Amino acid sequence: MVLGMIKIYSITKVIGVLTMGLIECDTDQAAARLVIIDRTTMLALTNRMTDGKSIIKKLVPITYTNTNNIMVGILDDSGTYNATFVDGVKAQLVDANVVDMT
């Protein structure tokens, strides 16, 4: 009996356009946390550490591209600085298959 080696290949082919919204935030170096909130429901779309990055990108559902129902805020966890929020943000329309998330 001969045992062969089994190879499994994972091939992903993207067909078409995956339209989503993109929020791109230029954060302060002193900010420790980024918060993105749906202002109508107060649902946090993201609440994450900035990890010292200056530009942070977040994909959001397409419904946020035609309304300005997003609040974006930065804050520090130590409480040294005031939190800064921007209200009425509208996500930009992008193809999620090709958008650069770095």
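R39 is partly exposed, at a relative accessible area of 38% (buried is under 20%, exposed over 50%, partly exposed in between; 1.4 Å probe, protein chains only). R39 forms a salt bridge with D87, with the closest N and O atoms 2.7 Å apart (a side-chain nitrogen of Lys or Arg within 4 Å of a carboxyl oxygen of Asp or Glu). R39 sits in the loop between β2 and β3 (43-49) and D87 in strand β6, so the pair ties together parts 48 residues apart in sequence. D87 is partly exposed as well, at 43% relative accessibility.

The model is predicted; local features need pLDDT of at least 70, side-chain atom pairs count only at pLDDT 80 or more, and totals for chains, interfaces and linings use all residues. Residues are numbered from 1 along each chain as its sequence is written, and side-chain values use heavy atoms, leaving out hydrogens and water.

The whole structure holds two salt bridges. D77 pairs with R33, the closest N and O atoms being 3.1 Å apart. D77 lies in the loop between β5 and β6 (84-89) and R33 in strand β2 (residues 33-38), so parts 44 residues apart in sequence are tied together. D77 is partly exposed, at 46%.

I70 belongs to strand β5 (residues 70-75) and counts as buried, at 0% relative accessibility. Its contacts (heavy atoms within 4.5 Å) include R39, D87, I36 and V89. The C-alpha atoms of I70 and D87 are 6.4 Å apart, across 17 residues of sequence.

The chain has seven strands and zero helices (DSSP runs numbered from the N terminus: strands, E, at least two residues; helices, H or I, at least four). Of its 102 residues, 28% count as buried.

Note on methods
Lists of a residue's contacts leave out its neighbours within four places in sequence.
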